[in-house]
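Here is a short note to read with the model open. Please check each point against the view as you go.

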Amino acid sequence: MTDTGTITSLKKTALQLRRNLLEMLGVGKVGHLGGSSSLAEIVAALYFHKMKVNRNNPKDENRDRFLLSKGHAVLIQYAALAELGYFPKSEFAKVKSLAGTLQGHPDMKIPGIEAVTGSLGQGLSIGVGMALALRLDKKPNRVYVIMGDGELSEGQLWEAAMAAWKFKVDNLTGIVDCNKLQATGPTSEIFEIPDIEKKWKAFGWNVIKINGHKMEEIVAALDAAGKVRGVPTVIIANTVKGKGFSFAEGKAAFHNGSLTEEQFRQAQADFDAAALAIEKEAAKSAVKKPAVKKAAEKKPAAKKPALKKAAEKKPIKKPVAKKTAVKKPSPKKTAAKKRG
Amino acid sequence: MSINLNTKSLREAYGLALVELGKKDKNVVALEADLGNSTRSVLFRAEFPDRHFEMGIAEQNMASTSAGLALAGKIPFMSTFAVFASGRAFDQLRNSICIPKLKVRVCGSSAGLSDFGDGKTHQSVEDIAIMRALPNMTVLAPVDAVEVVKMMERINEIDGPVYIRINRNDLPTLTPEAGDWTPGKLWTVREGSDAVVFASGVMASKALEAAQVLSGEGISVRVINASTIKPMNASAVIQAASGVKGIVTAEESNISGGFGSAILEVLRAERHGPVEFVGIQDCFGVSAKNYDELLERYGLTAYAIAQAVRKVVKAAGGVAGA
């Protein structure tokens with residue numbers, strides 16, 4: 001289990017990403033608020049904890065790859081990339097304008113952007129290609145592909161899901177941001193896709209379901225995904241569109257909307273309140289800390305460093321029996337079980 | 001040439017040349033969408049099974065997967081029929097590959113009408129126009145098997161994505177064994193002074209045939225093979241079109257946005273004589289028993305080229321003594 005200090009710090013980072021997002025949105029400018037803010041925790045966990053990134057070199061050969069298949073949410077990626085120092089925050093004010101470099105969708109001229117995405121349904125295919133190349137080169141790096149739940153209606157995505165299984169790309173983790181709203185309304189009304197979990201399972205993937213705003217669950221799921229061999233893993237993250245912006249949560253209008261001055265101030269107030277809540281929670285868990293520590297000590301296998309070493313030592317293995325790999329109901333169980 | 005070529009088949013030449021590239025560079029990988037026997041990428045699979053990816057009947061995924069491979073340092077050659085490469089996977093070529101200018105090589109096999117039996121769904125009349133419209137894309141249309149090999153030997157020099165249009169049938173060899181192919185190079189198949197025929201792919205040999213017939217009528221025809229359709233070598237085209245009375249373009253594709261359009265785009269600001277396009281007149285294909293029968297049906301013949309030349313020369317005032 002990841003220590004509470006790290007979790008608290010990641011929660012703060014996620015909040016900072018939302019603050020950066022707000023800065024980019026500004027007042028009266030149209031931007032993809034909803035699907036960006038639903039990803040704040042996941043993006044924070046990836047860039048500031050899970051992924052190998054080099055703050056001094058966005059193109060470091062030994063980096064993990066982040067692909068935002070739902071490219072319209074790129075503002076939250078910019079929020080993270082600027083936080084890593086890949087470009088100055090002064091770019092935020094110039095987003096989507098001729099004066100700046102930050103485009104409306106991911107463009108490879110921007111440091112840290114790994115592919116051109118935004119025409120939906122293509123990111124997973126690109127991820128499969130990267131994963132295959134990394135494997136050919138015997139590199140240990142992983143590829144992370146973030147998709148939207150609305151995006152799941154793109155047929156190409158399922159072509160990629162089949163290919164990922166066929167080629168056993170276990171160095172790829174898919175993440176579906178299930179925020180349940182798409183451009184023109186609720187996903188359940190626009191184009192309902194029932195049994196998302198069953199569908200991925202039927203395509204041969206290892207499936208982990210989480211609350212996409214609970215940092216502990218995100219981190220545990222990402223850890224668990226990294227240990228599965230022989231099949232790709234998808235994390236289905238239950239999220240709230242517009243999360244953190246009290247007036248925008250669960251509202252399709254903020255898929256690509258603009259803020260009034262009042263809403264801008266409200267968001268700032270929301271974030272200040274959220275910061276306080278994080279501090280409070282951290283203080284509470286600090287009191288409980290000894291108990292958590294004891295529990296962790298009892299199960300040395302669940303300790304992160306030990307597991308990480310074991311995973312690193314293992315060369316990429318040909319499939320463990322597929323069925324066993326797929327039968328992984330929850331991230332917690334997986335983390336506790338060491339795979340042989 | 002690195003290969004001792006005993007075939008007039010362009011696709012066989014492509015497969016053999018791909019294997020050679022694979023031997024030279026371990027980063028060369030090949031992707032296929034269940035048409036490897038036709039495109040001849042199976043030759044690469046036999047040699048390098050770990051670097052060959054059978055993607056199934058899923059061209060869109062194949063294109064974006066190629067993008068991912070290229071982004072991680074590989075040089076992917078994705079092969080399928082031209083009609084699927086240009087149509088089915090267009091958005092993927094556009095967004096995943098052409099915008100970031102990735103070094104992906106797209107083999108549009110069985111191009112034009114060359115898949116004569118399969119009919120209109122499998123015959124690509126519009127692939128040149130589609131590929132030409134994509135910024136950053138290089139478009140190549142080899143004239144024979146020898147040129148395929150020469151192109152493949154130099155293809156690595158081309159930055160960004162490349163579309164290579166491969167005919168399904170054996171074609172007569174025009175390309176001389178000696179000499180290198182370079183991107184953008186135009187070469188003169190036959191010298192002449194009254195008219196010029198710019199020809200692409202299968203139409204080059206038809207143009208040569210027409211020139212031979214016309215020489216008996218006292219009309220001297222220059223035949224130019226322009227196998228790099230994009231970027232078109234503007235100065236070479238302008239030079240080749242200078243000093244003649246009329247211009248004819250000949251292509252095995254829709255004249256709307258095709259090879260002839262590419263030539264005329266270059267010549268638009270130049271003084272030039274009358275122009276005729278020989279090509280498919282804005283319609284789809286049809287099934288036929290053999291390739292020649294189909295070319296005849298669509299007016300893609302030496303006779304049609306000769307008629308077009310007669311027409312432009314006449315419009316320009318005729319040839320002295322003819």
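1. Ground rules. This is a predicted model, in which local features need pLDDT of at least 70, side-chain atom pairs count only at pLDDT 80 or more, and totals for chains, interfaces and linings use all residues. Residues are numbered from 1 along each chain as its sequence is written, while chains are lettered from A and ligands numbered from 1 in the order in which they are written.

2. Make-up of chain B. Chain B has 13 helices and 12 strands. Both are DSSP runs, numbered from the N terminus: helices are H or I with at least four residues, strands are E with at least two. The C-alpha atoms of chain B fill a box of roughly 65 × 40 × 35 Å, taken along the principal axes.

3. Overall packing. Buried residues make up 60% of chain B. A residue is buried if 20 or more other C-beta atoms lie within 10 Å of its own, exposed if 12 or fewer, and partly exposed in between; C-beta atoms are placed from the backbone.

4. Contacts along chain B. Take the contacts with a separation of 6 or more: 81% of them join residues 24 or more positions apart. Two residues are in contact if their C-beta atoms, placed from the backbone, lie within 7 Å.

5. The core. The largest nonpolar core has 201 residues, and B:Val197, B:Ala207, B:Ile305 and B:Val309 touch the most other members. Helix H1 (residues 4-25) of chain A gives the most to this core, with nine residues. Domain 1 (10-165) and domain 2 (186-315) of chain B each supply at least three residues. The domain bounds come from an automatic or database domain assignment. A nonpolar core is a set of buried Ala, Val, Leu, Ile, Met, Phe, Trp, Tyr and Cys residues joined through C-beta atoms within 7 Å.

6. What is B:Val309 in contact with, leaving aside its neighbours within four places in sequence? Its partners include B:Ala195, B:Val197, B:Leu214 and B:Val248.

7. Where the chains meet. The contact takes 22 residues from chain B and 20 residues from chain A. On the side of chain B, helix H4 (59-71) and helix H6 (90-98) give two or more residues. H4(B) gives the most, with nine.

8. Helix H8 (residues 145-154) of chain B has eight of its 10 residues buried. Those residues pack against helix H1 (10-24), strand E5 (138-140) and strand E6 (162-165) of chain B. Helix H4 (residues 74-84) of chain A has nine of its 11 residues buried. H4(A) is followed by A:Gly85, whose phi is positive, near 95 degrees.

9. A lysine to check. A:Lys243 lies in the loop between strand E7 (233-238) and helix H10 (261-298) of chain A. Is A:Lys243 buried or exposed? A:Lys243 counts as buried because it has 22 C-beta neighbours inside 10 Å. The C-alpha atoms of A:Lys243 and A:Leu39 are separated by 8.5 Å, yet these residues are 204 residues apart along the chain. Beyond its neighbours within four places in sequence, A:Lys243 is in contact with residues including A:His213 and A:Glu249.
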